Amino acid sequence: MNKKKAVNSFLEHVEHIRRLPLITDPEMHQLFGEEITTAVAEIDRFNQKEQICLRCQNRCCPVCGCELYAPEFDQCPIYEFRPVLCRLHFCHQFNTAGRSVIIELGDIFFESLQAAEQAGSTKVRLFESPPLARYAPDLVETTAPWVDAVRKGSLNPEHARKLICTEAEKYLTPDTLGTAIEING
Ligand code: SF4
Ligand code: SF4
């Protein structure tokens, strides 16, 4: 993969992605370029075919403290909008999909963040999500009752997923967030 091209693309576009820490497929494409999104799509296809995450007994979502996770969901409730970290995290169970590609993707992500931070981007920390509460507090506050109800068995997971996705679709990074991140450190 052309690492330099991907990092330059990241630097060029990071300030224009308006829903971070959430992101869509087209925005991923805009952010990292064709080669990276093609590589990720290939691993995702492998995941769908082998049902690796679906069958996983030790999911990374609760481990990282994601507020939207409930074991009752059969996939991420904001799959179409899941953060970059979720899209580029492939644990050892993906080794057969191509460990060297996975390592390269991790390197590109790390180097992109490093370069953006050096360039003075205030958006770099948004890529630390999940968890989501620090950088998307309104989204977590609105969706928390639905996730809780799913966990308790009082709300149908598919219905909850649609409600949560509608909120994710409307979500935009608050204009003041960059300033808040700088002040809070
Ligand atoms: S990335 Fe690995 S740990 Fe996370 S859900 Fe998928 S298989 Fe499980
Ligand atoms: S947002 Fe990420 S961590 Fe949270 S449930 Fe979705 S894939 Fe898992």
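Me: Which residues surround ligand 2?

Reply: This is a predicted model, in which local features need pLDDT of at least 70 and side-chain atom pairs count only at pLDDT 80 or more, whereas totals for chains, interfaces and linings use all residues. Residues are numbered from 1 along each chain as its sequence is written, and chains are lettered from A and ligands numbered from 1 in the order in which they are written. Counting a residue as near a molecule if its C-beta atom, placed from the backbone, lies within 6 Å of it, the shell of ligand 2 consists of C61, C64, C66, L68, Y69, C76, I78, R82, P83, C86 and P130.

Me: How many residues of the shell around ligand 2 are nonpolar?

Reply: Ala, Val, Leu, Ile, Met, Phe, Trp, Tyr, Cys and Pro count as nonpolar, Asp, Glu, Lys and Arg as charged, and the others, Gly among them, as polar. On that scheme the shell around ligand 2 has 1 charged residue and no polar ones, and its nonpolar residues number 10.

Me: How many polar residues are in the shell around ligand 1?

Reply: The residues around ligand 1 include C53, C56, C60, H89 and C91. By class, this shell has 6 nonpolar residues and 1 charged residue, and its polar residues number 3.

Me: Are α2 and α3 parallel or oblique to each other?

Reply: The axes, lines fitted to C-alpha atoms over the stretch in contact, with angles running from 0 to 180 degrees between N-to-C directions, come within 7 Å for α2 (residues 25-32) and α3 (residues 34-50) and cross at roughly 135°. Angles under 35 degrees count as roughly parallel, over 145 as roughly antiparallel, 65 to 115 as roughly perpendicular and the rest as oblique. The relation of α2 to α3 is therefore oblique.

Me: Is Y171 buried or exposed?

Reply: Y171 lies in the loop between α9 and α10 (177-184). A residue is buried if 20 or more other C-beta atoms, placed from the backbone, lie within 10 Å of its own, exposed if 12 or fewer, and partly exposed in between. Because Y171 has 21 C-beta neighbours inside 10 Å, Y171 counts as buried.

Notes:
Helix = DSSP H or I, 4+ residues; strand = E, 2+ residues; numbered from the N terminus.
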